Amino acid sequence: MLRQRLKWISLVAALLGPAPLLAQELSIGQLPAMAILTIDSERMFLNSAFGIRVASEIEARGNDLATENRQIELELAEAEQELTDKRATMTPAEFRPLADAFDTRVQETRQAQATKSRALNDLLEQEREVFLRAAGPVLQALMAEVGASVVLERRTVFISTNASDITAEAITRINASLGAGTPSADPAQDAQPEPAQD
């Protein structure tokens, strides 16, 4: 799910942007003095220890949510069948409250699961913000070391030399300063569905 999306993003970036010749990327000690540096921020996040940990957590929780959704679908299908079976033995007046209660249950369940899905997306954005805040001082230090005045997103640059790309060096330094970070709190804990009622 998320991993497939991230792989797709990386593939598109590779096709649209300059070919990333990683073997030719230079460490900061080899960089000549230059005013402009480039970086692939998506690769910096995804290939960092922090980003790898976040992607793994989001994927695992997304898989858990998908499994939970499938189980809920089965339970609702069974409840719907039971309701259908009862309909033949009840008057419309007797059946209507049961049908309304089932509809309410379906709507509430759908909203609860959608809330959990949004919480996962919010968690990814929050973790990315934490990463970028931590990356800021690292990138500023790299700029100062080579006398650069700006770091540009590599995928938006029409053409540049690999010598200007500091992505690999930034990942190394961010890993050293930030590491993988701490496991995220599970956002699903704040969005538990109501127990299923027949």
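Good morning. Because this is a predicted model, local features need pLDDT of at least 70 and side-chain atom pairs count only at pLDDT 80 or more, while totals for chains, interfaces and linings use all residues. Residues are numbered from 1 along each chain as its sequence is written, and side-chain values use heavy atoms, with hydrogens and water left out.

I begin with the overall fold. The chain contains five helices and two strands, where helices (H or I, at least four residues) and strands (E, at least two) are DSSP runs, numbered from the N terminus. Along the sequence the pattern reads α-β-α-α-α-β-α. Of the 198 residues, 36% count as buried, meaning under 20% relative accessible area, with exposed over 50% and partly exposed in between (1.4 Å probe, protein chains only). Contact here means heavy atoms within 4.5 Å. Among contacts between residues at least 6 apart in sequence, 89% join residues at least 24 apart.

Next, the helix pair. The axes of α3 and α4 come within 11 Å and cross at roughly 175 degrees. Axes are lines fitted to C-alpha atoms, for helices over the stretch in contact, and angles run from 0 to 180 degrees between N-to-C directions. The two helices, α3 and α4, are therefore roughly antiparallel to each other, a label given to angles over 145 degrees, whereas those under 35 count as roughly parallel, 65 to 115 as roughly perpendicular and the rest as oblique.

I turn to the cores. A nonpolar core is a set of buried Ala, Val, Leu, Ile, Met, Phe, Trp, Tyr and Cys residues joined through side-chain atoms within 4.5 Å. The largest has 26 residues, of which Leu37, Met44, Phe45 and Leu139 touch the most other members. At least two residues each come from β1 (36-39), α2 (41-46), α3, α4 (92-146) and α5 (167-178). The greatest contribution to this core is that of α4, with 10 residues. Apart from this core lies another, of eight residues, including Leu76, Leu83, Phe95 and Val106.

Finally, where does Arg53 sit? Arg53 is placed in helix α3 (residues 49-87). Arg53 is buried, because its relative accessible area is 12%. Its side chain reaches the backbone oxygen of Ala180 at 2.8 Å. Not counting residues up to four places away in sequence, Arg53 touches Glu127, Ala180, Gly181, Thr182, Pro183 and Ser184. Thank you.

How values were computed: Polar contact = N/O pair within 3.5 Å; in protein donor to acceptor, adjacent residues only side chain to side chain.
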